Amino acid sequence: MISHTALYAPKEGSALSEYEDAFAFAAEPSVAALADGAGSAFESRRWARLLTQEFTDNPPFGLTESEMLDWIGRVSSQWSALIPWQTLDYYQAERATEGSAATLVGLRLESPTAGIRRWQCMAIGDSCLFLVSAAGHCVESIPITSSSQFNMRPPLLYTQRETTEQFIGKLVDRTGQWQPGDSFFLLTDAMSEWFLRMVEQGGKPWDTLASLDQESFGAFVAGERRNGRIQNDDLTVVMVRTEVPADQQPSSPGPGMPSVRVGEPVLLGGSAPRADSYSPGSSHPLRSSRAPGPRSAPRRAKVPPAGVRQRAAVLAGALGLGLLCGLLIGLNIAGGSAPPAPVPSATHTHRPATAISPATAIKSAARGFGRALVSFDGDLSTYLSSLYPYAAPDLANSLPQTFHLDKTAFSHAVSQGDVESVVLQAGVTASDAQASIIIHQTLTFSGSHPVNQYVPVLLKLTRSPDRASDWLVTNMQLLPASDQLFPQPAHPRSNSASHHTASSLATVPHD
Amino acid sequence: VDREGIHVGGSYSAEISRENPACVLFLLDQSYSMTEPLAGDSASRKANVAADAINNLIRTLIVRCTKNANEGPRDYYEIGVIGYGSQRGVGPCFGGALKGKVLVPTSELANKPLRVENRTRKIPDGSGGLTEVAVKFPVWFEPIAELDTPMLEAIQHARRVLNQWTAGHKKSYPPIVINITDGEPNEDPIAAARALTSLSVDDGNVLLYNLHLSMVAREPILFPASTAVLPDEFAAMLFEMSSVFPDKARLEFEVEGYSVDPGSRGFVFNTNAEALIRFIEVGTRTASKKGALGESSVR
């Protein structure tokens, strides 16, 4: 049984929208990848995200150098396809032709074969992998082995093949055996430097990291930065922990950290590389965000009464623009007709699935929901009218409270964006599940620069009564992390008693 | 450190951010002699070469501030051009919507060029040669060459501007002033230059670099560390006015293959067009970890 956990923090003084690390997980077999987008490159966050996504989808182990370059080239094509070349300003176009760059470290754990459990690691740059044995020793440090080695300019993977060719020889490819109880830590550079220095001083940084969750990580990072022990940089920790099987050693419930999988790449007026993703060719993003299947044809909606439309339009004025739309999602996400797999009781470990794993179905539902949230840039009323029959009244009514919507500020905003990541949380049962997503929206107001929003949302999903392989989104709320994403409003609302202060959404500018 | 009255105190290591932007201020000679061709390039007026170099640098800085397709350039820089020697007197050069403004943030510059010209640029063709491509070349001001050389007044003007700026930006990288001139000033500007470079922020004093344009085809004298190599008193005066390179700036030039000594000053005598463009590009490059701005990790 293998658990995946991630902790992350943007550089101090930067918004989460400027966090340029990326990570991704997959299970069965366990694959984890982490990348650090170069700060000086164009769309490096996107490049980092695509690299980690592709790594988990198609781990490039066992490739020749030329095949590896081809693998990177395919990711580069995805990156390029997401750049809206035709609409770039001159300064963006010049920057874009210079391409992007990122580090990459990836890990795959193979299932035991004849008692042998093998791990494979690939790394380039100053993002590192550490293997900590069950006995509590750091036994691998890849590719950097000393905290004094972080000053140099690291080799990177570039979108331009000819540049990557100069550095591909620096790619480290290693393999070894793991034992139940071993833990793997994938860390970006500032975190790696901290980790190695702690090890060099005889400390056990893995215990520190393992004791943290996303919320306590923020406080931990702030303290270490204040004390000068961690460089001010984006920080990411990906932990892959193996456990002794439950029948051999009863395991206590984990700390409840979500497993995280990076969502689809942000749609940028470009292409949609994945079969299950939003198709830009469609005039109806919502519709196309559903996977094909018996219920994928949209129901033709009744046009709701004017009052409803008005209320909906008010909602639509803010981030909630797409929320109603999202209620539809979850229908038939998994596709196919296989019966649902038996779902284990509450656990955050990965288990083999006989057909479509519930994890996959839930991730798809959450991704689809998130995509729908941000798929508006056309005539909203059209969407609303087709949404209405699906809207769960409780959820719709809760949206204004949930988001503390400023009902006027966003009424003229044009929105586009995507889901940053889909987070599977503990608590998947036969009928209910939770997933977290970070919604990235770019709001464009007339006559000003776009404003990025990053909104972490916790979704509650229920297995569809109609179709057991589908999951419906039944509730949503802001995650506590949103407190740090949204600065307090200048004039706090009197009714903002909620812990989740998604106050003025417009106060997360690019700055 | 205080060498001959030119302050170079400070670490010059402040990270450039939107909260703490950097300031680059050009002082541009607009005297009549700027109509003359630049050494080694009989087709180009010095005024045009200087204007192109500055406009090119503004564009380069805007590009450096650009990180994503869905956002404009970030305001990492505030840039200004003060002209001296035109009929308009000493003052800001920007035209169009920015007319009258002295220091302008990068995002505003990006959106408000005076005009965008279509030009060609040579780029590597991928097989060892060069190929010409059409490029958009935004310009923010016109080349002007009219009267005399009130350099003293320009430096006093810069001091007034930066006195205010440094007061409000104590955590920023120290302002970089680049003076581009081709001739002898009306009055001795050394005392005013020292007053300018005595302004400081927490990270160090204002830096003043001087670039001398010549119509005589001679090898440029790059980054002298003493007056011994200089031909005349005028060159010695510009030397006296120029800041010693901070270590980090010196390293940037060393990385670019220049020979720079610890006492080298930000001063080039007999600058040709290429040296001019490279100087102001490298001279305004501020390394920061993993290239939050600079070109350190991506070429």
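How many salt bridges does the structure hold over all chains? The count is 23. This is a predicted model, and the tour begins with a few of those contacts.

**Stop 1: across the chains.** Select A:Glu20 and B:Lys67. They form a salt bridge, with the closest N and O atoms 3.2 Å apart. A:Glu20 sits in the loop between strands S1 (2-9) and S2 (21-26) of chain A, and B:Lys67 in the loop between H1 and strand S6 (77-84) of chain B, so this pair joins two chains. Now check accessibility. A:Glu20 counts as buried at 9%. B:Lys67 is also buried, at 6%.

Stop 2: Move to B:Glu36 and B:Lys46. Their side chains meet in a salt bridge, 3.0 Å from N to O. B:Glu36 lies in the loop between strands S3 (22-29) and S4 (37-38) of chain B, while B:Lys46 belongs to helix H1, so the pair ties together parts ten residues apart in sequence. Is B:Lys46 buried or exposed? B:Lys46 is buried, with a relative accessible area of 2%. B:Glu36 is partly exposed at 27%.

**Stop 3: a network.** Select B:Asp52, B:Arg115, B:Glu117, B:Arg119 and B:Glu142. Salt bridges link these residues in a network. Within it, zoom in on B:Arg115 and B:Glu117, whose side chains meet at 2.9 Å, N to O. B:Arg115 is partly exposed, with a relative accessible area of 33%.

**Stop 4: the cores.** Switch to nonpolar side chains. The largest nonpolar core has 55 residues. Which of them touch the most other members? Select B:Phe26, B:Tyr77, B:Leu109, B:Trp140, B:Ile180 and B:Phe279. Then colour helix H1 (residues 46-64) of chain B, which supplies the largest share of this core, eleven residues. A second, separate core holds 33 residues, including B:Met151, B:Val161, B:Trp165 and B:Phe234.

**Stop 5: helix H3.** Stay in chain B and select residues 151-168. Helix H3 has 18 residues and reaches 26 Å from its first C-alpha to its last, close to the 26 Å expected. Show its buried residues, among them B:Leu152, B:Ile155, B:His157, B:Leu162 and B:Thr166. B:Met151, B:Val161 and B:Trp165 are buried here too, and they are members of the second core.

**Stop 6: a hairpin in chain A.** Select strands S7 (residues 128-132) and S8 (residues 138-142). They pair in the antiparallel sense over four bridges. A:Val132 has A:Cys138 as its bridge partner in S8. Five residues lie between the strands of this hairpin. End on A:Gly136 in the turn, with its positive phi of about 90 degrees.

Notes: Residues are numbered from 1 along each chain as its sequence is written. Chains are lettered from A and ligands numbered from 1 in the order in which they are written. This is a predicted model: local features need pLDDT of at least 70, side-chain atom pairs count only at pLDDT 80 or more; totals for chains, interfaces and linings use all residues. Side-chain values use heavy atoms; hydrogens and water are left out. A nonpolar core is a set of buried Ala, Val, Leu, Ile, Met, Phe, Trp, Tyr and Cys residues joined through side-chain atoms within 4.5 Å. Buried means under 20% relative accessible area, exposed over 50%, partly exposed in between (1.4 Å probe, protein chains only). The expected span of a helix is 1.5 Å times one less than its number of residues. Two strands pair if DSSP finds at least two bridges between them. A salt bridge is a side-chain nitrogen of Lys or Arg within 4 Å of a carboxyl oxygen of Asp or Glu.
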